Amino acid sequence: MTDPAAVPSIRRAHAGDADALALAGAATFLDTFAGILDGADIVAHCRKQHAAELYAQALADPATALWLAESALGAAPVGFAMLTAPNLPLADLRADDLELKRIYLLSRFHGGGTGRRLMQHAIDEARARGAGRLLLGVYAGNERALAFYARCGYAQIGEREFQVGGNTYHDAILALELAA
């Protein structure tokens, strides 16, 4: 993706974006995990965790920030990032922690800098909110995502079990220290 005209734009998501976020969330989850996780689990997870109503609630929550990546042609949703208060099982959870709850991008757009730009929006917002650390959970078998996070400066600080459909999977919990 070297054509600058093909580079997705990124903007702050607003109340009317719930359907686009839900579509991008389900599509990227399927794109990432089809053939890795059980198909019925993926469908059940997307139906529950990527419902437009959940994104509408997140958009209405002033503690949550979302950015939407849209294709250059027709502004189709191709990914997003979501920053929230932390909800991770860590014994050393700090008062100045925030969680990058989701950073999703269709694989067709990997490698063009859009993921890094989404990450930078989340980092900038976390710093603006006074966070000292940005946390995230990622499927321990998602080597591509783990490599991306390592390039961004994240390090593993824990683990958790994560329910997808009827099965339990293992996630790595990563942290990025945010120097002022």
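**Exercise 1. In what order do the elements of the protein run from the N terminus on?**

Solution. The model is predicted: local features need pLDDT of at least 70, side-chain atom pairs count only at pLDDT 80 or more, and totals for chains, interfaces and linings use all residues. Residues are numbered from 1 along each chain as its sequence is written, and side-chain values use heavy atoms, with hydrogens and water left out.

Step 1. Helices (H or I, at least four residues) and strands (E, at least two) are taken as DSSP runs and numbered from the N terminus. The protein holds five helices and seven strands.

Step 2. Their order is β-α-α-α-β-β-β-α-β-α-β-β.

Step 3. The radius of gyration, taken over C-alpha atoms, is 16 Å, close to the 16 Å that the globule rule gives for 180 residues, so the protein is as compact as a globular protein of that length. The globule rule is 2.2 Å times the number of residues to the power 0.38. The C-alpha trace spans about 45 × 40 × 35 Å along its principal axes.

**Exercise 2. State which strands pair with β5 and β7, and in which sense.**

Solution. Step 1. Two strands pair if DSSP finds at least two bridges between them.

Step 2. Strand β5 (residues 133-139) runs antiparallel to strand β7 (residues 167-177), and seven bridges join them. Arg-133 has Glu-177 in β7 as its bridge partner.

Step 3. On β7, strand β6 (residues 155-164) also pairs in the antiparallel sense, over nine bridges. Here Gln-156 is partnered by Leu-174 of β7. A hairpin is formed by β6 and β7, with two residues between them, and Gly-165 in the turn has a positive phi of about 60°.

Step 4. Strand β4 (residues 97-105) pairs with β5 in the parallel sense over three bridges; Leu-98 stands opposite Leu-134 in β5.

**Exercise 3. Decide whether Thr-28, Ala-75 and Glu-161 are buried, partly exposed or exposed.**

Solution. Step 1. Buried means under 20% relative accessible area, exposed means over 50%, and partly exposed lies in between (1.4 Å probe, protein chains only).

Step 2. Thr-28, in helix α1 (residues 18-33), has a relative accessible area of 2% and is therefore buried. Contact means heavy atoms within 4.5 Å. Leaving aside neighbours within four places in sequence, Thr-28 is in contact with Val-78, Tyr-104, Leu-105 and Leu-106.

Step 3. Ala-75 belongs to the loop between β2 (65-70) and β3 (77-84). Its relative accessibility is 39%, so Ala-75 counts as partly exposed. Although not a glycine, Ala-75 has a positive phi of about 55°.

Step 4. Glu-161, in strand β6, counts as exposed because its relative accessibility is 58%. Not counting residues up to four places away in sequence, Glu-161 touches Thr-168, Tyr-169 and His-170. Glu-161 and Gly-137 are 24 residues apart in sequence, and their C-alpha atoms are 9.9 Å apart in space.

**Exercise 4. Find how much of the protein, and of β5, is buried.**

Solution. Step 1. Of the 180 residues in the protein, 44% are buried.

Step 2. In β5, five of the seven residues are buried, and the strand is thus mostly covered.

Step 3. Among contacts in the protein with a separation of 6 or more, 65% are between residues 24 or more positions apart.
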